[in-house]
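Keep the structure open while you read.

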Amino acid sequence: MPTRLIKSLMVLPLLMASYTACAVELHLYAGAGLRQPVESVVALFEKNTGHKVVIEYGDSGQILTRFNLTKTGDVFLPGSEDYVEKLQQDGQVTSSYPLVYHTPVMVVRKATGGEVKTLADLAKSHLKIGMGDPKAIALGKSGEQLLVASGYEKELKEKVVVQATTIKQLLIYLMNGDVDAAVIGLSDAMKNQDKLTLLPSPAGTPEEVATIAVLKTSAHPDAAKQLAEYFASPQGIKMFTDQGYLPIKKN
């Protein structure tokens, strides 16, 4: 066997051992409504770096509470920048990156609200509405602002029969017919266009910004920043926009 090949075979196990030794495990807090693109980015990151990412999902308020109780973790990704700003005010963030708009929209089930085409129509209807809990999820708070912006806040709020703590639960209520309309994310509305009608949003509807933050508590700050930068990269952003999230407008 040639000497050069023998040397290469001897070096290979050392390189593999070094690669494994450098790999770390990161803890990522993520909003439950962002699950699909989050898992796509994490899978790419793990494949390319050898690091392992443990993802803890929950509504944005829940993962914030969880972090505040444990003061552990590496990266934090809620559905709204508001939750990152709260951590920044407490000095718990070393860097942050805005990713995409997490936009609230009102949708109506085609099976029961086929004649409803606008928020004005919905306000005059007898349909039941589901909303996100404004104390728990990003789209709950912005959803309430959407009702205010519509000019029909009173009429629409009178039709709200449930406030869910996750958008996933709200979608289940909607698809099962427990409610006829709901404020959900644009990405989920686009995925279910065969069953849901997307109503035009009024001027003044807020656009939440899904923002990822590197936590000061990270035991592996370099790897944590690398993960955040994977999310903020063009390839990472595309994994969100492919799911219906809107890119952030550049000035």
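Take the contacts first. Among those between residues at least 6 apart in sequence, 78% join residues at least 24 apart. Bear in mind that this is a predicted model.

Now count the elements. The chain has twelve helices and eleven strands. Its C-alpha atoms fill a box of roughly 85 × 45 × 35 Å along the principal axes.

Next, the surface. Of the 251 residues, 48% count as buried. The accessible surface of the chain comes to about 12,700 Å². Carbon and sulfur atoms account for 54% of that area.

Now turn to one helix pair. Two packed helices are described by the angle between their axes and the distance between those axes. Find helix α2, residues 35-49, and helix α11, residues 221-232. Their axes come within 10 Å and cross at roughly 130 degrees. Why is α2 called oblique to α11? The crossing angle is the reason: roughly 130 degrees makes α2 oblique to α11, because angles over 145 degrees would count as roughly antiparallel and 65 to 115 as roughly perpendicular. The crossing of α2 past α11 is right-handed.

Which residues make the contact? From α2 come Val-38, Val-41, Val-42, Leu-44, Phe-45, Asn-48 and Thr-49. From α11 come Ala-223, Gln-226, Leu-227, Tyr-230 and Phe-231. Sort the residues of this α2–α11 contact by type: nine are nonpolar, three are polar and none is charged.

Notes
Residues are numbered from 1 along each chain as its sequence is written. This is a predicted model: local features need pLDDT of at least 70, side-chain atom pairs count only at pLDDT 80 or more; totals for chains, interfaces and linings use all residues. Side-chain values use heavy atoms; hydrogens and water are left out. Axes are lines fitted to C-alpha atoms, for helices over the stretch in contact, and angles run from 0 to 180 degrees between N-to-C directions. Helices (H or I, at least four residues) and strands (E, at least two) are DSSP runs, numbered from the N terminus. Angles under 35 degrees count as roughly parallel, over 145 as roughly antiparallel, 65 to 115 as roughly perpendicular and the rest as oblique. A crossing is left-handed if the near helix is turned anticlockwise from the far one by less than a right angle, and right-handed if clockwise. Contact means heavy atoms within 4.5 Å. Ala, Val, Leu, Ile, Met, Phe, Trp, Tyr, Cys and Pro count as nonpolar, Asp, Glu, Lys and Arg as charged, and the others, Gly among them, as polar. Buried means under 20% relative accessible area, exposed over 50%, partly exposed in between (1.4 Å probe, protein chains only). Accessible areas come from the Shrake-Rupley method with a 1.4 Å probe; for residues, only the protein chains shown count as cover.
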